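I am keeping these notes as I look through the pockets and the ligand site. The sequence and structure come just below, and my entries follow.

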Amino acid sequence: MLFDKITPAPPDAIMGLTEAFKGDSRPDKMNLGVGVYQDESGITPVLESVKAAEDRIRTAEKTKSYLPISGAPEYKAHVQDLLLGAAHPARMEDRVRTAHTPGGTGGLRVGAEFLKRIAPNATVWVSDPTWANHPGIFSGAGFAMETYPYYQPSTQGLDYAAMCDTLKRVPAGDIVLLHVCCHNPTGVDLTTEQWKEVGDIAAAQGWIPFLDFAYQGLGEDLETDRAGLLQLLEAVPELFVASSFSKNFGLYRERTGAMTLVASDKESAAAAFSHVEKTIRVIYSNPPAHGGQIVTTILGDAALRAQWEEEVKAIRDRIKTVRSAFVKELQARGVDRDFSFIERQKGMFSFSGLTEEQVTFLREEKGIYIVKGGRINVAGIPTAKLPYLCDSIAESLQK
Ligand code: LMR
């Protein structure tokens with residue numbers, strides 16, 4: 001029998017927590033695992049701009065026929081506008097190509113599968129730590145994986161010197177995965193000056209940056225958050241970007257993302273992209289339309305776009321408010337540890353420094369679900385539940 005001898009796969013490090021959470025009947029339980037925004041009432045809302053766009057789509061939509069393999073041209077143009085701005089030189093030189101992919105994960109995997117066709121012997125370097133799904137995506141595509149130093153537990157910040165030391169040893173032709181902003185899981189980002197230096201290292205070494213850009217607008221603002229990407233493009237002629245509208249449009253389940261490549265000239269961009277399209281065709285043929293239509297409707301309409309930008313700002317502001325309140329509440333409990341770094345970290349996550357034992361205690365004894373490694377989804381904390389959370393963390397620190 002084919003299936004008889006199979007032992008079950010372990011639950012997913014992030015999504016598996018949500019399943020366990022759903023089966024937990026304790027009233028105080030909190031799901032701070034998966035990176036999903038929740039408002040003060042614990043709801044992941046549909047943005048008002050998204051609802052308005054959906055109303056328009058419902059009346060205007062004329063067909064459900066297939067999209068092109070790489071998605072609708074208007075959607076792709078909006079993706080590039082957000083990533084690079086309307087008049088970026090690489091766009092003017094027609095050396096940027098975008099495919100609409102099912103989420104940012106789809107963008108990463110399409111990029112990985114395409115890379116496997118053109119650079120099968122490359123090694124993919126990821127930060128230590130990185131998003132729990134990165135190794136699976138790239139090793140699943142057949143790549144050897146390595147890590148570069150990133151987070152320094154002693155400072156709760158970036159181990160920049162060690163990171164650069166390693167990046168200076170990455171050979172030409174290898175792929176280095178970098179998080180443009182709101183690093184997942186640490187919330188620790190590079191400064192613009194550091195991005196410039198990393199770009200210089202990439203150019204000197206000849207490795208290819210593959211940027212994961214899933215949180216544009218959740219760090220500082222839409223423009224500031226893309227600074228690292230623009231800085232790298234000053235330095236290198238080629239790179240990849242996997243981007244996502246899950247978080248900044250709240251389109252999680254609509255699986256709305258993109259894989260963008262920048263090539264050194266128009267001809268190589270066209271040739272490379274023809275292989276990206278071949279890659280997509282044999283995986284899922286062409287993308288789902290709905291999320292892309294929403295993004296296109298909003299970004300193509302000045303009033304809806306302004307409304308959406310306000311909504312992203314509200315999400316970002318709430319996360320910052322929660323970060324400050326979280327630090328204050330922990331301090332108020334007299335915990336014997338400085339948690340002020342939570343306020344410095346960017347985006348949805350805080351890398352708490354809690355040990356595996358403490359993470360397990362919080363889940364088993366308190367019904368508080370956070371990712372192994374200590375990543376807390378700050379964007380999912382209602383302030384009313386902060387006292388319970390902080391009491392529980394204070395208790396876990398005694399363990
Ligand atoms: C996360 O890191 O929690 C999110 O990016 C959701 C996911 O797919 O893991």
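I looked up which elements line the second largest pocket, and found that helix 3 (73–84) and helix 11 (290–299) each supply at least two residues of its lining. I take helices (H or I, at least four residues) and strands (E, at least two) as DSSP runs numbered from the N terminus. Helix 11 has the largest share of this lining, with five residues. The model is a predicted one, in which local features need pLDDT of at least 70 and side-chain atom pairs count only at pLDDT 80 or more, whereas totals for chains, interfaces and linings use all residues. Residues are numbered from 1 along each chain as its sequence is written, and side-chain values use heavy atoms, with hydrogens and water left out.

I noted a volume of about 320 Å³ for the second largest pocket. A pocket here is an open set of points on a 1 Å grid over the protein atoms alone, where a 1.4 Å probe fits and protein lies on both sides within 12 Å along at least five of seven lines; lining residues have an atom within 4 Å of a point. The volume is the space filled by probe spheres set on the points, which are joined across faces, edges and corners. Of the 21 residues in the lining of the second largest pocket, Glu-61, Leu-67, Ala-289, His-290 and Gln-293 are the closest to its centre.

Next I turned to the largest pocket, which holds about 1200 Å³ of space. Its lining has 45 residues, and Met-15, Val-34, Gly-35, Val-36 and Tyr-252 lie nearest the centre. Among the elements that give two or more residues to this lining are helix 1 (15–22), helix 2 (48–60) and strand 9 (239–244). Helix 1 gives the most, with five residues.

Where does the ligand sit? I found that the ligand sits in the largest pocket, meaning that more than half of its atoms lie within 2 Å of the pocket's grid points.

I then checked side-chain contacts, where a polar contact is a pair of N or O atoms within 3.5 Å. A polar side-chain atom of Trp-131 is 2.9 Å from an oxygen atom of the ligand, one of Asn-184 is 3.0 Å from a ligand oxygen atom, and one of Lys-247 is 3.2 Å from a ligand oxygen atom.

Conventions: A polar contact is a pair of N or O atoms within 3.5 Å; within protein, one must be able to donate a hydrogen and the other to accept it, and residues adjacent in sequence count only if both atoms are side-chain atoms.
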